[in-house]
Structure formats: C-alpha cells, structure tokens
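Subject: Structure for you to look at

Hello,

Here is the structure I said I would pass on. My notes follow below it.

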Amino acid sequence: LMAEETKPSFETTLAELEGIVKRLETGDLPLEESIALYERGMQLSAQSREQLEAAETRVELLTRKNNDR
C-alpha cells in the first residue's frame with residue numbers, strides 16, 4: 001500500500017474516475033482496454049470511498065471534541 005502522503009487527492013482521484021467513465025461511455029474502445037479501464041475505475045472508486053470515510057471520521061472526531069468543551 002502507498003503511504004498516505006503519496007496518495008493522490010480525492011479531487012485528483014475523482015477527476016481520473018470521471019475521465020474513465022466518459023471513455024467507457026463512448027463504447028468505441030477495444031474489449032481489453034475497456035476491461036482495464038473498468039478495473040482501474042473500480043480501484044479509484046474504492047480509494048475515493050476510503051478517502052470519504054476517513055474524512056467523515058475526522059469530522060466526527062472534531063465535532064465530538066468540540067462538543068466536549
């Protein structure tokens with residue numbers, strides 16, 4: 001696994017994912033390329049979900065910490 005600081009930002013990941021979706025939607029790609037793009041898209045989707053969950057956890061912790069004051 002990559003270290004946290006070397007992971008692309010959520011925005012970068014999302015932009016790449018959107019590009020993949022647009023390319024797949026054209027339907028003009030060879031099957032092997034479509035499969036490779038789909039696989040990459042699934043990786044990016046999982047990475048984005050992890051990033052969102054981490055952000056949500058941080059917000060919950062900050063809110064809890066603020067409410068304890």
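The span expected of a helix is 1.5 Å multiplied by one less than its number of residues. Please keep in mind that this is a predicted model.

Helix α2

Helix α2 covers residues 31-67, which makes 37 residues, and on that rule it should span 54 Å.

Seven positions need listing here: the buried residues of α2 are Ser 34, Leu 37, Gly 41, Leu 44, Gln 47, Ser 48 and Gln 51. Helix α1 (10-26) is included in what covers them.

Salt bridges

How many salt bridges does a search of the whole structure find? The search gives three. I take them in turn below, with the accessibility of each partner. For that, a relative accessible area under 20% counts as buried and one over 50% as exposed, with partly exposed in between.

Arg 23 and Glu 33 form a salt bridge through their side chains, with an N to O distance of 2.4 Å. Arg 23 belongs to helix α1 and Glu 33 to helix α2, and the two are ten residues apart in the chain. Arg 23 has a relative accessible area of 39%, so it is partly exposed. Glu 33 is also in the partly exposed class because its relative accessibility is 31%.

Arg 40 and Glu 16 make another salt bridge, at 2.9 Å from N to O. Since Arg 40 is in helix α2 and Glu 16 in helix α1, this pair ties together parts that are 24 residues apart in sequence. The relative accessibility of Arg 40 is 31%, which makes it partly exposed. Glu 16, at 34%, counts as partly exposed too.

The remaining pair is Glu 50 with Lys 7, where the closest N and O atoms are 3.8 Å apart. Here the link runs from helix α2, which holds Glu 50, to the segment before α1, which holds Lys 7, and the partners are 43 residues apart. Why does Glu 50 count as partly exposed? Its relative accessibility is 47%, and the exposed class requires over 50%. Lys 7 has a relative accessible area of 23% and is partly exposed, given that buried means under 20%.

Regards

Note on methods
Residues numbered from 1 in each chain as written. Predicted model: local features only at pLDDT ≥ 70, side-chain atom pairs only at ≥ 80, totals over all residues. Heavy atoms only, no water. Helix = DSSP H or I, 4+ residues; strand = E, 2+ residues; numbered from the N terminus. Buried < 20%, exposed > 50% of the residue type's maximum accessible area, 1.4 Å probe, protein only. Contact = heavy atoms within 4.5 Å. Salt bridge = Lys/Arg side-chain N within 4 Å of Asp/Glu carboxyl O.
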